[in-house]
Amino acid sequence: MERHLFFHSKGLRLLGVLHTPDEGEACPAALVFLHGWAGYRIGPHQMFTKLARTACDQGFACLRFDFRGRGDSEGEAKRATLTTMIEDALAATEMVCAEVGVERVALIGDCSGSEVAIGAGPLDPRIGALVLWSAPIV
């Protein structure tokens with residue numbers, strides 16, 4: 001099942017799409033997708049949408065969302081920083097854990113979303129894995 005929902009990060013309303021397995025199916029963990037700087041919740045070439053649907057078919061809950069100031073979330077893109085994106089990623093982790101009832105999360109980041117995953121990962125003990133696509137090398 002896929003449904004749109006809103007959650008808050010630092011007083012701003014963020015839009016997400018929550019994918020949940022069929023009712024009654026055990027959900028071992030959630031995947032939270034983190035798009036790149038100029039992207040939004042579907043990912044390049046719809047790769048976040050496609051992977052979330054595939055992972056959900058395998059029993060994982062998935063959350064794709066727009067960082068503040070991007071897509072359909074509130075805020076101004078010009079005020080976004082890696083720090084604000086990390087705050088949004090942590091708010092997304094909190095929301096998906098509460099909504100689905102899981103205690104294990106993997107962050108999947110693309111491009112600057114990978115940097116966000118690296119920054120957010122150590123800040124919440126429920127985040128146990130990072131998947132980094134096209135991570136910028138400094």
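Predicted model: local features only at pLDDT ≥ 70, side-chain atom pairs only at ≥ 80, totals over all residues.
Reader: Where does K10 lie, and is K10 buried or exposed?
Author: K10 lies in the loop that runs between strand β1 (2–9) and strand β2 (12–19), and its phi is near 50 degrees, a positive value in a residue other than glycine. Its relative accessibility is 64%, and the cut-off for this class is over 50%. K10 therefore counts as exposed.

Reader: Which loop holds C111, and what is the relative accessible area of C111?
Author: C111 sits in the loop between β5 (105–110) and α3 (112–120), and although C111 is not a glycine, its phi is positive, at about 55 degrees. C111 is classed as partly exposed, because its relative accessible area is 36%.

Reader: How are α2 and α3 oriented, roughly parallel or roughly perpendicular?
Author: The axes of helix α2 (residues 82–100) and α3 come within 9 Å of each other and cross at roughly 65 degrees. That angle makes α2, relative to α3, roughly perpendicular.

Reader: Which residues of α2 and α3 meet, and how many of the residues in this contact are nonpolar?
Author: On the α2 side the residues are L82, M85, I86, A89 and L90, and they meet S112, E115, V116, G119 and A120 of α3. Sorted by class, the contact of α2 with α3 has 1 charged residue and 2 polar residues, while the number of nonpolar residues is 7.

Reader: What is the handedness of the crossing of α2 and α3, left-handed or right-handed?
Author: The two helices cross at roughly 65 degrees, with axes that come within 9 Å. The crossing of α2 and α3 is right-handed.

Definitions and conventions: Residues numbered from 1 in each chain as written. Heavy atoms only, no water. Helix = DSSP H or I, 4+ residues; strand = E, 2+ residues; numbered from the N terminus. Buried < 20%, exposed > 50% of the residue type's maximum accessible area, 1.4 Å probe, protein only. Axes fitted to C-alpha atoms, helices over the stretch in contact; angles between N-to-C directions. Parallel < 35°, antiparallel > 145°, perpendicular 65-115°, else oblique. Left-handed = near helix turned anticlockwise from the far one by under 90°. Contact = heavy atoms within 4.5 Å. Nonpolar A, V, L, I, M, F, W, Y, C, P; charged D, E, K, R; others polar.
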